[in-house]
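User: I would like a close look at a single part of this protein. Please start with the overall layout and then stay with the details.

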Number of protein chains: 2
Amino acid sequence: MSAALRLGIAGLGTVGAGVVHILRQHAALLEARTGRSVVLTAVSARDRSKDRGVSLSGYAWEDDPVVLARRDDIDVFVELIGGSDGPALDSVKAALQSGKDVVTANKAMLAHHGRALAEMAETAGRVIRFEAAVAGGIPVIKALTEGLAANEITRVMGVMNGTCNYILTRMQSAGLTYDQVFQEAADLGYLEADPNLDVGGIDAGHKLALLAAIAFGTAPDFDGMEIEGIQRIAIDDIHQAADMGYRIKLLGVAQRTGRGLEQRMQPCLVPADSPLGQLEGGTNMVVIEGDAVQQLVLRGPGAGQGPTASAVMGDVCDIARGLRIATFGQPAATLASLPAARSSLPAPYYLRMKLVDKPGALAKIAAILGQAGVSIDRMRQYGHSEATAPVLFVTHKTSRAALDEALAAMRQTDVVAGEPVALRIEEV
Amino acid sequence: MSAALRLGIAGLGTVGAGVVHILRQHAALLEARTGRSVVLTAVSARDRSKDRGVSLSGYAWEDDPVVLARRDDIDVFVELIGGSDGPALDSVKAALQSGKDVVTANKAMLAHHGRALAEMAETAGRVIRFEAAVAGGIPVIKALTEGLAANEITRVMGVMNGTCNYILTRMQSAGLTYDQVFQEAADLGYLEADPNLDVGGIDAGHKLALLAAIAFGTAPDFDGMEIEGIQRIAIDDIHQAADMGYRIKLLGVAQRTGRGLEQRMQPCLVPADSPLGQLEGGTNMVVIEGDAVQQLVLRGPGAGQGPTASAVMGDVCDIARGLRIATFGQPAATLASLPAARSSLPAPYYLRMKLVDKPGALAKIAAILGQAGVSIDRMRQYGHSEATAPVLFVTHKTSRAALDEALAAMRQTDVVAGEPVALRIEEV
């Protein structure tokens, strides 16, 4: 039996309390599986008096997470504070510099400072593990870094913000507008303090940057990502996409192309009968495609106390068992810096617009698409009582540049009312 | 840079050739990710002259896999021979005794000899890895053993024989009988040399025994499993289950109950709109439920050259990276031997029978169910032109014992034509 593994936890919100709960409830199980006892030594949080539903007696308390990170009586610093900089980053650096391993759920910090922290960990001979930072309880970091290590990864995709998927699927099932469901989600406490982190795609974008880094052997490059939120998705788009056999998802996609690394986090259409299309509510899904494995689909809870604590503790168990691996699966110095390739891969698109109801309107639009080299796969015009007619196109595969050229030309005509909606259709 | 990791591969069928292909194609990728070169030293197979689609020049050849396993110039013995005993078992033992790590895809060998081999590996200070033995390319062994190590696992389920799932979904989509689709599958080369390994549930049962061992900390206990194949599933069952909102799957389920370890591999009904219900064709799916993670669903190719070789090589990469873990996730000596609990957990059941078309027939059956304490949730009688009427029941949760009592009583009446069909409905 090896010596006990001693943890210090900084941040005692929902997830931190969940980790304490597992440590107290499953001490025997953890020891049986890892071959050593896993104990909590000290904790840090902002408010010492708050009731967190778990007993904190017997653990030392530090007001300052940096002081906690430097304590001699911890082996692993568990960072659950959050935020890309500030106390989270300061304390993680302090932990590595003091020779502690780090387990974190902090996607923002790693998306922005991943390479520097990985280098710092390697210099210190320590590891940084972050299973909980991506897709909650789904062990996708492990699957990608270890299980699929012999694959050239060709594409990684994910629905990784449960709040956005809740909003989109609830709009469809209840026939409510975006604003109505956004308010529901706010009332239910589903939204971050800054809701733009959720509905603007930032949170999911941080996660995609981490998956892309592992998949393609690059440093995380959040700034190179195209990000578009779900705020402009209309109930008409939800219904009309469904009518064409699709669902709208806030989908992250990362691919290596001839031009570099393409990372997109944006509302996309996916086939309604695909695993991604069938994903309802707050559940997350990650799809990994590799040259040998073909396609792997992982589905599970993307947030919540138990699932996220499960991921944090999975990392702790790896450290307890002596399973040590470089932060992004290979030495930080070997991580590439690829140029950001913006929507370079052609795709079919969904186009919705309102046409002024006069002769020749549709012919004008069709001519503009043809001139831009965008060919039409399917088209529907719906019955209407207003002065404008809703018209849908599904294009064949086209470049985003050709599509943007067509959209610009449409805006110059007198037959399109309002702004056309263009959404990529991701083939899955 | 560490020394090269040297492999010896025994068995050069589809999977073995796939492993050689990855080693040749991805040498640079493997070295970048594992920090050392991974090289093939020697191979063994029955027929040296066969064209396997990959070059074997530069590798030493051994006719006898046991001799290969003992060579001084290999570090890892990759066993892809198959079969629970014979050359596979002999060579794996020889490899461990000669101080080699073992990577194997052999579910039968581990289901029958798992504990003894795990003990032998520990004595030798070596590891046995078997990701490829369960659900092909899906890294489920890793997810369960490592990613979910902090969970008390409450249930593990899987559709893990692609041939059976192909047959069942093809029966439904094409409206063909079992015998017709079985012949199609045989013509397509989907069946094992002994088809009972597939359609009899044996192959999938071996896989379930390995998952159950890890999930519940027990030695693999294939003999304690209830196994029923899909041979008796009629097209009527497929259609009528669909009519009630279900799909029929050859589903493996393992749970720890008050009476011991319950392991079942049998045709079950699952809701048509659940991930398991939506699984079509030869794809595999494993569902893991734990107290913290709630429910995790993994979906991917369960067989084939690339996916299975991906899993084999994932294990090889772990060994190259120094990631070493006990065979079933904890020391072999600590694996429990639980009593086999046979269908001790109550469940709803689907019952289909043909009733002789005379007054009081349905009343008799309903009375028998009531006397046995089996209560009816839903019932349908279909229109009919024959002398017997097809009747379906979906029961409320009941014990298998009560159901068997009712079935025995029905057989004593003069109103049931032929043998009633009883299938468990697994709640997922």
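How far apart do the C-alpha centres of domain 1 of chain A and domain 3 of chain A lie? After that, please describe the contact between chain A and chain B.

Analyst: The C-alpha centres of domain 1 of chain A and domain 3 of chain A are 53 Å apart. Chain A has three stretches assigned as domains, with bounds from an automatic or database assignment: domain 1 covers 5-133, domain 2 covers 141-301 and domain 3 covers 349-425.

This is a predicted model, in which local features need pLDDT of at least 70 and side-chain atom pairs pLDDT 80 or more, while totals for chains, interfaces and linings use all residues. Residues are numbered from 1 along each chain as written, chains are lettered from A and ligands numbered from 1 in written order, and side-chain values use heavy atoms, without hydrogens and water.

Now to the contact (heavy atoms within 4.5 Å). Chain A brings 48 residues to it, and chain B brings 48 residues. Together the two chains bury about 3,900 Å², and carbon and sulfur atoms account for 55% of that. Buried area is the accessible area (1.4 Å probe) that two parts lose on being put together, summed over both. Of the area that chain A buries against chain B, 16% comes from Arg33(A), Ala150(A) and Arg299(A), more than from any other three residues.

The interface of chain A and chain B holds 2 salt bridges (a side-chain nitrogen of Lys or Arg within 4 Å of a carboxyl oxygen of Asp or Glu). Lys142(A) and Glu146(B) are joined by a salt bridge between their side chains, with N and O 2.6 Å apart. On the side of chain A that touches chain B, α1 (14-25), α2 (27-34), α6, β12 (294-301) and α12 of chain A each supply at least two residues. The element that gives the most is β12(A), with 8 residues. Helices (H or I, at least four residues) and strands (E, at least two) are DSSP runs, numbered from the N terminus. A polar contact is a pair of N or O atoms within 3.5 Å; within protein, one must be able to donate a hydrogen and the other to accept it, and residues adjacent in sequence count only if both atoms are side-chain atoms.

Glu146(B) is also one of the buried residues of α6(B). In that helix (residues 140-147), 8 of its 8 residues are buried, and Lys142(B) and Leu144(B) are among them. Buried means under 20% relative accessible area, exposed over 50% and partly exposed in between (1.4 Å probe, protein chains only).

Elsewhere in chain B, Asn106(B) sits in the loop between β5 (101-104) and α5 (107-124). Asn106(B) has 4% relative accessibility, so it counts as buried. A polar atom of its side chain lies 2.9 Å from the backbone oxygen of Gly83(B), and one lies 3.3 Å from the backbone nitrogen of Ala108(B). Leaving out residues up to four places away in sequence, Asn106(B) touches Glu79(B), Gly82(B), Gly83(B), Ala88(B) and Ala133(B).

Over all chains there are 6 aromatic pairs. In one of these, Phe130(A) and Phe328(A) are tilted, at 5.5 Å centre to centre and 55° between the planes. Phe130(A) is in the loop between β6 (128-129) and α6 (140-147), and Phe328(A) in the loop between α12 (305-320) and β13 (349-356), so the pair ties together parts of chain A that are 198 residues apart in sequence. Both Phe130(A) and Phe328(A) are buried. Rings of Phe, Tyr and Trp (its six-membered ring) pair if their centres lie within 6.5 Å; planes under 30 degrees apart count as stacked, over 60 as edge-to-face and the rest as tilted.
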